[in-house]
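Hi,

Here is the structure I said I would pass on.

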Amino acid sequence: MSNGTKTEDTKMRAHGAGKDAGSYISHLELGEKDQTFLDSDELIINMGPQHPATHGVLRVILKLDGEKVLGTECVIGYLHRGVEKIAEHRTYTMFNPYVDRMDYVAAVSNGLGYCEAVEKLLNIEAPPRAKYIRVILTELNRLASHQLWLGTHALDIGAITPLFYLFRDREEILKIFERYCGARLTTHAFRIGGCQYETYDGFEQDVIKFLDFGLPKIDEYEELLTTNRIWVERTKGVGKISAQDCIALGVTGPVLRASGVKWDLRKAQPYAAYPEFEFEIPIGQNGDTYDRYLVRMQEMRQSFRIIRQAVSKIPEGPIMAKVPKVMKPPVGEIYHSIEAPKGELGYFIVSDGSTQPYRVRVRPPSFVNLQALDLMVRGQLVADVIAVIGTLDIVLGEVDR
Amino acid sequence: MLGRLKQRYGSGIREASTYLGQNYMVVEASIISQALQILRDEHDFDYCVDITAVHYPQREKQFDLLWILYSFARNERIRVKTMIADGESVPSSDPIWPTANWLEREVFDMFGIRFDGHPDLKRILLPEDWKGHPLRKDYGIIQQDEEWVKVNLGIESGQ
């Protein structure tokens with residue numbers, strides 16, 4: 001290591017917040033000096049953990065040759081709260097609100113996955129009306145998550161305007177959540193066995209009003225970006241990943257679909273009331289940042305389609321299945337996963353027959369998808385790292401748990 | 001599929017069954033690497049969904065180590081489980097599925113299970129010099145590496 005990098009080394013130690021930066025750098029010592037394009041020293045710099053474009057506290061160590069990225073290493077764990085450990089010390093019901101705090105921009109999806117997993121373990125099923133309410137709220141949450149993603153992703157790349165429009169429109173969704181369950185972000189909307197709350201008077205009208213308001217807005221976002229020359233130049237061909245690499249790296253969600261794999265758990269292994277609705281799985285071809293943008297835009301349109309169908313034929317009936325007051329699932333293991341806005345969100349739960357889960361493992365989509373960052377940015381420019389972090393749509397609360 | 005695996009490994013496949021509609025099998029730790037390789041190469045389990053562990057301190061072989069696999073071609077899942085004792089290690093599945101890299105690091109971080117041949121086995125969520133593996137059952141819920149907290153955060157307790 002040359003003198004130049006040694007100074008960086010010491011600097012990083014200082015910023016490492018307790019994490020030993022030295023060993024991380026050793027992993028990045030890749031090339032010989034004569035391989036560098038500019039014939040200058042390789043530079044190792046720190047991006048984050050306090051950086052507005054990392055969407056939380058993510059630290060990325062970049063090995064650079066001028067502007068070109070030679071390698072990256074993600075340092076995560078700054079938001080680790082030990083959610084899986086907490087689960088072992090709570091009853092099944094008590095742990096339910098904790099899952100909302102993982103992917104906090106899509107709390108409803110987290111809750112749905114957890115509740116359905118425990119229901120499977122208990123061998124009960126939510127009544128049809130509850131399933132419809134679940135689908136409506138989960139899809140609304142997918143919209144909210146994608147809207148937040150688009151706003152911040154565009155902001156990272158330099159388009160400030162969309163952020164304001166998207167936050168304005170996301171607000172309407174959060175208002176529906178607030179009226180439904182009192183919370184806007186960490187909703188805790190579902191209970192094991194169904195939903196705790198019946199829909200409020202005027203829920204359907206509110207949702208339809210939002211659908212009429214929100215759908216044309218997607219065209220407006222697209223008008224701002226889809227053919228915008230700066231947007232296209234910053235995203236086309238950036239952060240390419242092939243379908244093969246996606247599968248090998250376990251990448252799921254819109255990132256996988258943008259690489260051309262038509263796979264969505266809502267279709268592949270349907271859950272809740274999804275088999276009853278018609279919708280398409282949008283896919284891309286090139287697996288670049290631009291295609292991922294297009295896929296998510298199409299996905300939002302499909303969500304509108306699903307919600308409209310669900311609201312129009314929401315059945316009457318109870319919203320809770322018969323659930324024992326004290327939940328003691330029989331001894332056994334279950335893995336249940338759903339299509340969260342970020343990808344496959346899975347819960348692996350082990351029951352020992354007591355009131356508390358013996359082990360809860362969360363398979364977080366953001367964590368696994370983030371692993372692909374290194375592959376996606378190698379050989380690209382520093383500015384593209386920002387674009388790729390944005391397009392992966394990670395939430396650090398879920399990466400670190 | 002199971003028939004062929006059983007034919008090749010005989011008693012190495014300890015159990016293969018279905019619980020609540022989900023397939024799983026229990027495999028001897030000595031053949032786990034080959035079994036996983038065969039599942040990917042010959043049975044299309046091309047997507048490794050998750051790798052995780054469960055700790056049973058009262059057992060002689062304290063850890064259940066699990067692979068959750070998915071086949072895109074057949075839209076099917078399987079859980080592969082093996083049991084290992086404390087201190088025992090298994091071959092890394094990183095060469096089979098690159099996604100195993102971080103997943104195994106997390107298992108190492110939380111349980112202290114080592115994976116032989118892993119390219120970069122170190123802690124991932126906790127600080128590198130943290131002591132203890134929190135998801136072990138003998139690790140208390142409010143337990144922490146007090147020395148680390150004192151030295152690095154300059155406070156008496158993180159609780």
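To start with one residue: is A:Glu398 buried or exposed? A:Glu398 is buried, because 27 other C-beta atoms lie within 10 Å. For the cut-offs, buried means 20 or more other C-beta atoms within 10 Å of a residue's own, exposed means 12 or fewer, and partly exposed is in between, with C-beta atoms placed from the backbone.

Before going further, a word on the model and the labels. This is a predicted model, where local features need pLDDT of at least 70 and side-chain atom pairs count only at pLDDT 80 or more, while totals for chains, interfaces and linings use all residues. Residues are numbered from 1 along each chain as its sequence is written, and chains are lettered from A and ligands numbered from 1 in the order in which they are written.

Back to A:Glu398, which sits in helix α17 (residues 396-400) of chain A. Helices (H or I, at least four residues) and strands (E, at least two) are DSSP runs, numbered from the N terminus. Leaving out residues up to four places away in sequence, A:Glu398 touches A:Met102, A:Asp103, A:Pro364, A:Ser366 and A:Phe367. Contact here means C-beta atoms, placed from the backbone, within 7 Å.

As for the whole chain, chain A has 17 helices and eight strands. Of its 401 residues, 53% are buried.

Where they meet, 16 residues of domain 1 of chain A are in contact with 18 residues of domain 2 of chain A. On the domain 1 side, β2 (59-65) and β3 (68-75) of chain A each supply at least two residues, and β3(A) gives the most, with five. That side divides into nine nonpolar, five polar and two charged residues. Here Ala, Val, Leu, Ile, Met, Phe, Trp, Tyr, Cys and Pro count as nonpolar, Asp, Glu, Lys and Arg as charged, and the others, Gly among them, as polar.

β2(A) pairs antiparallel with β1 (residues 43-47) of chain A over five bridges, and A:Ile44 has A:Lys63 in β2(A) as its bridge partner. Pairing requires at least two DSSP bridges between two strands. β2(A) also runs antiparallel to β3(A), joined by seven bridges. These two form a hairpin with two residues between them, and A:Gly66 in the turn has a positive phi of about 65 degrees. Five of the seven residues of β2(A) are buried.

Cheers

Definitions and conventions:
Contact = placed C-beta atoms within 7 Å.
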